[in-house]
Amino acid sequence: MFFVDTNVIVYAAVPCSYRDPCLEILEAIGRGDAAGRTSTAVLEEVWWIELSGRAGDLGGLAERAYTIFSPLLPVTDDAFRHALSLPAPSLGPLDRVHVGTCHTHGIEVVVSADAGFDGVRGVRRVDPNDDRARRRLLGSRPE
Amino acid sequence: MYAHCMFKERLQILLSTEQRRRLEGEARRRDASVASLVREAIDARFGGVTADERLRAVTGIALMTGRFLPPDELDRVGEEERANALDQLLRDAAR
């Protein structure tokens, strides 16, 4: 199983070098061919970005992402406690909560364009543009 | 939620002692039946969204034309929007 970060969802909706790989990831999850999950916290972040208008017209992105990823991973007490104890100065509170959520649900891989996850204890980042790592990941079957 | 449903399928499963203890504890806490909790868990984990609906959502996203922001700026947008909402809330409360 792997965790899908906010930027993967946003970049799937934005013309950029990340777009096709991110769409490939979302498609594989939508077909049920890849065990990608995300959390309520990620979709809240997507929703704020959508509502801000600062990343262009992303109307309906949070709702579509919810359709793809439902049921979402909850941010639990345990996830938050882990986030608070994480020695990761490169990460802000929300990214720490994502790592805590991974920890709680036994997820070791975060798919993200954010290099801030590199070197964080307990998770390994896969960049969507890393073709080899991405294809290996998408070969994984849902549990 | 299940008031108008007919349950016709019988499923017998094996659980660990710990899983049964947790399930019965939660049922007592909520004053609900163990069976209703199992049905609720199935709906939550394997919700009602079909693969076609998920793929239609992906197609919808593929048609969007947003604007690229680097990952750290995306993080900032989320944080600032939340902070702005909180500021507004505090301003409203102070009125």
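Q: Which residue is the bridge partner of A:D57 in β1(B)?
A: In this predicted model, A:D57 has B:T65 of β1(B) as its bridge partner.

Q: What makes strand β3 of chain A and β1(B) a pair?
A: Pairing requires at least two bridges between the strands. Two bridges join β3 (residues 56–57) of chain A to β1(B), so the two strands count as paired. They run antiparallel.

Q: Why are α3(A) and α4(B) called roughly perpendicular?
A: Helix α3 (residues 40–52) of chain A packs against α4(B) at an angle of about 85 degrees. Angles of 65 to 115 degrees count as roughly perpendicular, and the two helices are therefore described in that way. Their axes are 9 Å apart.

Q: Which residues of α3(A) and α4(B) meet?
A: From α3(A) come A:E45, A:W48, A:I49, A:L51 and A:S52. On the α4(B) side they meet B:L74, B:V77, B:G78, B:E81 and B:R82. By class, the residues of this contact are five nonpolar, two polar and three charged.

Q: How many residues does each chain bring to the contact between the chains?
A: Chain B gives 27 residues and chain A gives 35 residues. On the side of chain B that touches chain A, α2 (34–45), α3 (51–62), β1 (65–66) and α4 (71–94) each supply at least two residues. The largest share, nine residues, comes from α3(B). This side of chain B has 14 nonpolar, five polar and eight charged residues.

Q: What is the order of the elements of chain A from the N terminus on?
A: Chain A has seven helices and five strands, in the order β-α-α-β-α-β-α-α-α-β-β-α.

Q: Why is chain A called as compact as a globular protein of its length?
A: The globule rule gives 15 Å for 143 residues, and the radius of gyration of chain A, 14 Å, is close to that value, so the chain is as compact as a globular protein of that length. Along its principal axes, the C-alpha trace of chain A spans about 35 × 35 × 25 Å.

Q: What share of the residues of chain A count as buried?
A: Of the 143 residues, 50% count as buried, the cut-off being 20 or more other C-beta atoms within 10 Å of a residue's own. Among contacts in chain A between residues at least 6 apart in sequence, 59% join residues at least 24 apart.

Definitions and conventions:
Residues are numbered from 1 along each chain as its sequence is written. Chains are lettered from A and ligands numbered from 1 in the order in which they are written. This is a predicted model: local features need pLDDT of at least 70, side-chain atom pairs count only at pLDDT 80 or more; totals for chains, interfaces and linings use all residues. Two residues are in contact if their C-beta atoms, placed from the backbone, lie within 7 Å. Helices (H or I, at least four residues) and strands (E, at least two) are DSSP runs, numbered from the N terminus. Ala, Val, Leu, Ile, Met, Phe, Trp, Tyr, Cys and Pro count as nonpolar, Asp, Glu, Lys and Arg as charged, and the others, Gly among them, as polar. The radius of gyration is taken over C-alpha atoms; the globule rule is 2.2 Å times the number of residues to the power 0.38. A residue is buried if 20 or more other C-beta atoms lie within 10 Å of its own, exposed if 12 or fewer, and partly exposed in between; C-beta atoms are placed from the backbone. Axes are lines fitted to C-alpha atoms, for helices over the stretch in contact, and angles run from 0 to 180 degrees between N-to-C directions. Angles under 35 degrees count as roughly parallel, over 145 as roughly antiparallel, 65 to 115 as roughly perpendicular and the rest as oblique.
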